[in-house]
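Let's read a model together, one feature at a time. Bring your questions, and we will go from the general idea to the case at hand.

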Amino acid sequence: MDNDVSAGNTSTSTLGHLALGLTLLAFGIGHTGAVDGVTAADAVSLALYVGGIALFVAGLLEFRGGNGFTGTAFAGLGAFWFTWGTGADARVSDHAAGLFLLLWALFALTLTLGAAGRGLLGQGTYGLLFVALLLLGVGQFADSGFLGRAGGWFAAAAGLAAWYGATAALAHWPTSVPKRAAGRGVTATG
């Protein structure tokens, strides 16, 4: 298995990345406004059950298999999705919603930094999630629809990266860019 996919229980890791990818895609697309009549609120059921419960259980199984990083990522993000899904109908201020998103952006930043050396695809997924949550959180504070839509696009891109990583593991597709041999490539002329 490539370094971009967790080295723990690979079937659990693949399932977790699929759950994360699908949830992020639904959440992100809902924020972009790209699909007429679809909002982030339409992703609540998916976020609650797939992103929340299934991802949290996948995290516990990863912990049991000895993979602390992926266990932390999946269980933590499962808690995020469960909390977001159960609180989506709650009446909170824009600042409270923004603070919630910014605090979870810190968690995504921790995952991004912790994924160093685990492959660009995995680190990119968490990095895109960090930017998405940061934009969405700041957008809530600033009451900016533009930042919310931009955050939605970053969330959708993170979802595509997670989905591709999981699909690539199942389909045996490449998950890294081949490196060029030393000395090959563009040469300077003088």
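**Reading the model, feature by feature**

A: Let's begin with His172, which counts as exposed at 71% relative accessibility. Here buried means under 20% relative accessible area, exposed over 50%, and partly exposed in between, with a 1.4 Å probe and protein chains only. This is a predicted model, where local features need pLDDT of at least 70 and side-chain atom pairs count only at pLDDT 80 or more, while totals for chains, interfaces and linings use all residues. Residues are numbered from 1 along each chain as its sequence is written, and side-chain values use heavy atoms, with hydrogens and water left out.

Q: Where is His172 found, and what is its phi?

A: His172 sits in the segment after α6. Its phi is positive, about 60°, although His172 is not a glycine.

Q: Which helices and strands does the secondary structure of the protein come to?

A: Helices (H or I, at least four residues) and strands (E, at least two) are DSSP runs, numbered from the N terminus. In this protein they come to 6 helices and 0 strands, so the pattern along the sequence can be written α-α-α-α-α-α.

Q: How does the reach of helix α1 relate to what is expected?

A: The expected span of a helix is 1.5 Å times one less than its number of residues. Helix α1 (residues 10-32) has 23 residues and reaches 32 Å from its first C-alpha to its last, close to the expected 33 Å. Helix α5 also has 23 residues, and its reach of 32 Å is likewise close to the 33 Å expected.

Q: What follows α1, and what comes just after α5?

A: Gly33 follows α1, with a positive phi near 75°. Just after α5 comes Asp143, with a positive phi of about 55°, and Asp143 is a residue other than glycine. Asp143 lies in the loop between α5 and α6 and is exposed, with a relative accessible area of 64%.

Q: Is Leu170 buried or exposed, and which residues does it touch?

A: Leu170 has its place in helix α6 and is exposed, with a relative accessible area of 59%. Contact means heavy atoms within 4.5 Å. Not counting residues up to four places away in sequence, Leu170 touches Thr14 and Leu18. Leu170 and Leu15 are 155 residues apart in sequence, and 10.0 Å apart in space from C-alpha to C-alpha.

Q: How much of the protein counts as buried, and what share of its contacts join residues at least 24 apart?

A: Of the 190 residues, 43% count as buried. Among contacts between residues at least 6 apart in sequence, 70% join residues at least 24 apart.

Q: What is the volume of the largest pocket, and which residues are closest to its centre?

A: On a 1 Å grid over the protein atoms alone, a pocket is an open set of points where a 1.4 Å probe fits, with protein on both sides within 12 Å along at least five of seven lines; lining residues have an atom within 4 Å of a point. A volume is the space filled by probe spheres set on the points, which are joined across faces, edges and corners. The largest pocket has a volume of about 590 Å³. Of its 23 lining residues, Trp84, Val92, Ala97, Leu101 and Gln140 are the closest to the centre.

Q: Which helix gives the most to that lining?

A: That is α4, with 5 residues. Helices α1, α3 (68-87), α4 (94-114), α5 (120-142) and α6 (145-171) each supply at least two.
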